[in-house]
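Colleague: I'd like to learn how to read a model like this one. Can we go through it feature by feature?

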Amino acid sequence: MIKRVVDFFGEERYASQRRRLFYLALVLIVIADFLVPREHTEYLWDRLPGWSAVYGFVSCVLLIFVSKFLGHQGGLMRREDYYD
Amino acid sequence: MIDFAHPALLFVLGAVPIPFLKVPIRRIYLVLVPLLGLLAVVTMQPGSYGATQFLGQDILIARVDKLSIVFATVFAIMALIGTVYALHLSHPGQHVAAFVYVGSSLGVVFAGDYLTLYLFWEIMAFASAYLVFAQGGQRAIGAGFRYLMVHVTGGVVLLGGIILHGHSTGSFLFVPIGEMGPGTYLILAGFLLNAAVPPLNAWLTDAYPEATVTGAVFMSAFTTKTAVYVLARAFPGTELLVWLGTAMALYGVVYAVLENDCRRLLAYHIVSQVGYMVAGIGIGTEMAVNGATSHAFAHILYKSLLFMGAGAVIYVTGRRKLTELGGLYKSMPVTVALYMIGAFAISAFPFFSGFVTKSMVIAAAGEDHRALVVLALTMASSGTFLHTGLKLPYYMFFGTDRKLQAREPPANMLVAMAMAAALCIAIGVFPQPLYALLPYPVDFEPYTGSHVTESLGILMFTALGFILFLRALDPENTISLDTDWFYRKGARAFMWFAEKPVARYEQAVSNASETAALPLLNRAARAGLRIDVVAVDGAVNGVAHSILRGGGALRRLQTGVVTHYALAMIVGVIAATVILAVAWR
């Protein structure tokens, strides 16, 4: 059972199936976010349905590119023999 | 004393017989001690034990309350899991070091005064350093020495702070700090160093990936979390901690993007996750301290699971760099599945442990009207899933198939991982038992509709970003500069002066030992051998064997192999603890 589940995420032949499931999940999450009751709202973004999706995506992209920028242009990444 | 068995003594004294037991019995014994430790923690009654006087100062060996019990509980569980993971080891050294390490962490958690705390604090540093040295090889030994150097320095700072603080307040009792003074700032610095708060974080990400496969699992759990405990005890509500914690949550995530070594990536995520705890302690409300404590509990379990997963890959393939790994899912499906449970738990997916603990910290920040902290910690959550849930498993288990010869790790490793995984899910599904352990009453419901959809939105759209920009994340064959640069490069200048006299001294010492000490030891060993040959009956045979072994051990003292010296230190530590125990009685 475990092997079949893991294979589903690894094998190339399931790629399109995986993609369709993933996008379906994204759509369902956003729809659900519009439907859930929001009784306790402290901040502006708590009242915005779909906010978390946007924020998650933006965070991810920011983290990737800001970090890589710091690594390459900021000089944080060095050759492996730097300390030798 | 009968009503209270100190679990620290149980582990430290329990380490003594390990080298003398033969393998099948040793394995049973190794599992038995953590079980007894867990029993001791679960059955202990709140109160103060072992109050005495030392050099005219009040000493309190053990103070048991809710805060110390919750940390001790997870430490005992972790000791059991880590021991099972290491059961296949044939040499006893690492088991001894791990037990002393666990025991001293428990000693810190129950310490009622600063002197007891300091004693166990130092033992912790030496015992854990052994787990790095035991890996052997130039890199590990270098990292081990840097690890020791940093912790010894931190220990001196802590001791200085303790003395100043004791002088100004007239008491060494370990209680919440009232007013900040020079002494308390030094104590805080010592604690922050062990919590790996930047810029004092580099010892962790430097040493943990160089430790042994099984040693790193222990290290991921104890040092930083004892630091979280002492911060929660002494410095709740310190504003500085809110900002340090928030910054370090993002700091670890940024470095994780750049990292190529699988365990170093996970080590940067320890920095990030401890950031949540430090921030929670800084906020200092009941809910925030509850959040920090419960997050430490959950963190120890899922982080050890992740380290066990990465360790299994290293154990099987001998490789540690993401650029050299890939395609292992076919041969290690169980490892993949168990690792992913840890990844879902650290990412705070609903029904996994991180969901019910991390959200408590973020909610506490929200209730305390700290919008910026909420946003920064939420962003760090996205980064957590991006690396431990997506990048690391993708490049380690899936991705390019490197055609590596791999298989599942030994059964004991899988069992240990399964234990941690089961707890990660159990806490996520049934958070109430954990909430009941927390220092304050819990008024928090993690499973509300909006919280679930919000978390899933953050996580799944992080996954979307990962898929779209996968190529930008490809690991690169580099190392990243961190604050260890200052002492690794700075030490060069110092070494240039020191090298020559030190080398000369070393030469003189080894000459002396070769001409004087070695022949003596050799003779002793030969004498042992002769006795062995002459005496034939069983009883005498046993004695002779032990003399022979003693001779061999003595000879080994002269090898210059650093692990042996480290082991000697640990033996000394055990002896000191025995003396302490006797004196206490």
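Colleague: Leaving aside its neighbours within four places in sequence, which residues is B:Val100 in contact with?

Modeller: Before that, some housekeeping: this is a predicted model, where local features need pLDDT of at least 70, side-chain atom pairs count only at pLDDT 80 or more, and totals for chains, interfaces and linings use all residues. Residues are numbered from 1 along each chain as its sequence is written, with chains lettered from A and ligands numbered from 1 in the order in which they are written. Now, two residues are in contact if their C-beta atoms, placed from the backbone, lie within 7 Å. On that basis B:Val100 contacts B:Val12, B:Ala15, B:Ile123, B:Ala127, B:Ile570, B:Val573 and B:Ile574.

Colleague: Which residues touch the most other members of the largest nonpolar core?

Modeller: A nonpolar core is a set of buried Ala, Val, Leu, Ile, Met, Phe, Trp, Tyr and Cys residues joined through C-beta atoms within 7 Å. Buried means 20 or more other C-beta atoms within 10 Å of a residue's own, exposed means 12 or fewer, and partly exposed is in between, with C-beta atoms placed from the backbone. The largest core here has 219 residues, and B:Val100 and B:Leu231 touch the most other members. Helix α12 (residues 286-317) of chain B gives this core the most, 18 residues.

Colleague: And how many residues of chain B are in contact with chain A?

Modeller: 42 residues of chain B are in contact with 37 residues of chain A. On the chain B side, α18(B) gives the most, with 14 residues. Helices and strands here are DSSP runs numbered from the N terminus (H or I, at least four residues, for helices; E, at least two, for strands). By class, that side has 25 nonpolar, 13 polar and 4 charged residues. Ala, Val, Leu, Ile, Met, Phe, Trp, Tyr, Cys and Pro count as nonpolar, Asp, Glu, Lys and Arg as charged, and the others, Gly among them, as polar.

Colleague: How many bridges join β1 of chain A to β3(B)?

Modeller: Strands pair if DSSP finds at least two bridges between them. Here 3 bridges join β1 (residues 77-79) of chain A to β3(B), running antiparallel, and A:Arg78 has B:Ile479 as its bridge partner. Within chain B, 7 bridges join the antiparallel strands β1 (residues 47-54) and β2 (residues 57-64). In that hairpin, with 2 residues between the strands, B:Leu55 takes a positive phi near 50 degrees.

Colleague: What about B:Ala348 and B:His369: buried or exposed?

Modeller: B:Ala348 is buried, with 26 other C-beta atoms within 10 Å, whereas B:His369 is exposed, with 10. B:Ala348 has a positive phi of about 65 degrees although it is not a glycine, and phi of B:His369 is near 60 degrees. B:Ala348 is in the loop between α13 and α14 (353-367) of chain B; B:His369 is in the loop between α14 and α15 of chain B.

Colleague: What radius of gyration does chain A have?

Modeller: Take it over C-alpha atoms; the globule rule is 2.2 Å times the number of residues to the power 0.38. A compact globule of 84 residues would come out near 12 Å, but chain A has 20 Å. Its C-alpha trace spans about 60 × 45 × 20 Å along its principal axes. Buried residues make up 21% of the chain A residues, and α2(A) is hardly covered, with 2 buried among its 21 residues.
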